[in-house]
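Please examine the fold shown below with its helices and the loops between them in mind.

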Amino acid sequence: DRVLKNEFKDFFKENVSIKVIERIQTDFKDCKGKKMAHLIYLLHKDFNIITYGINSRTESRKHFVSLLKGTDFRMAGSDKYFELSDVKLLNPKFESDPDYIDIKEKLLKTIK
């Protein structure tokens with residue numbers, strides 16, 4: 001029984017509070033490029049609080065970001081950091097990337 005993800009909150013798992021979701025939206029709305037890729041990766045893989053469909057027409061990363069930003073958004077700048085049709089980041093050393101570390105620290109403060 002799938003619900004279409006029409007709102008930003010629909011990408012989050014049920015146990016995530018609406019306050020946390022709203023804070024994420026406020027704190028990370030201006031991310032783009034590599035920082036957005038890191039944000040999506042962290043929310044999806046590290047914190048495991050969002051879900052999306054890789055090749056979905058209605059539930060892809062692009063939809064997640066468009067709802068996060070409240071505007072239609074071109075994903076080329078962020079998608080190039082992901083492996084093709086995958087949720088893995090291309091850079092094998094991404095965990096030592098200053099942008100990744102920065103986003104992770106900000107997220108930890110946002111979701112606690």
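Histidine 44 is in contact (heavy atoms within 4.5 Å) with Ile50, Thr51, Tyr52 and Val87, neighbours within four places in sequence being left aside. This residue belongs to helix α2, which spans residues 33-46; helices here are DSSP runs of H or I with at least four residues, numbered from the N terminus. With a relative accessible area of 14%, histidine 44 is buried; buried means under 20%, exposed over 50%, and partly exposed in between, as computed with a 1.4 Å probe on protein chains only. The model is predicted, so that local features need pLDDT of at least 70 and side-chain atom pairs count only at pLDDT 80 or more, whereas totals for chains, interfaces and linings use all residues. Residues are numbered from 1 along each chain as its sequence is written, and side-chain values use heavy atoms, with hydrogens and water left out.

Helix α2 packs against helix α5 (residues 98-111), the two axes coming within 9 Å and crossing at roughly 55 degrees. Axes are lines fitted to C-alpha atoms, for helices over the stretch in contact, and angles between N-to-C directions run from 0 to 180 degrees. The helices α2 and α5 are therefore oblique to each other, a term for angles that are not under 35 degrees (roughly parallel), over 145 (roughly antiparallel) or 65 to 115 (roughly perpendicular). Their crossing is right-handed, meaning that the near helix is turned clockwise from the far one by less than a right angle. On the α2 side the contact includes Lys34, His38, Leu39 and Asp46, and on the α5 side it includes Asp99, Ile103, Lys104 and Leu107. By class, this contact has 7 nonpolar, 1 polar and 6 charged residues; Ala, Val, Leu, Ile, Met, Phe, Trp, Tyr, Cys and Pro count as nonpolar, Asp, Glu, Lys and Arg as charged, and the others, Gly among them, as polar.

Helix α5 also packs against α1, at an angle of about 145 degrees and with the axes 9 Å apart. This crossing, too, is right-handed. Val20, Arg23, Ile24, Asp27 and Phe28 of α1 meet Ile103, Lys106, Leu107, Thr110 and Ile111 of α5, a contact with 6 nonpolar, 1 polar and 3 charged residues.

The largest nonpolar core has 31 residues, of which Phe12, Ile24, Leu39, Ile40, Leu43 and Phe64 touch the most other members. Such a core is a set of buried Ala, Val, Leu, Ile, Met, Phe, Trp, Tyr and Cys residues joined through side-chain atoms within 4.5 Å. Helices α1 (18-28), α2, α3 (61-69) and α5 each supply at least two of its residues, and the largest share, 7 residues, comes from α2. Phenylalanine 64 touches Phe8, Phe11, Phe12, Ile40, Leu43 and Ile50, residues up to four places away in sequence not being counted.

The loops remain to be considered. Lysine 29, between α1 and α2, is partly exposed at 36% relative accessibility. Beyond four places in sequence, lysine 29 contacts Ile24, Leu68 and Lys69.

Most residues other than glycine have a negative phi. Asparagine 48, in the loop between α2 and α3, has a positive phi near 55 degrees and is partly exposed at 43%. Serine 85, in the loop between α4 (76-79) and α5, likewise has a positive phi, about 50 degrees, and counts as exposed at 52% relative accessibility.
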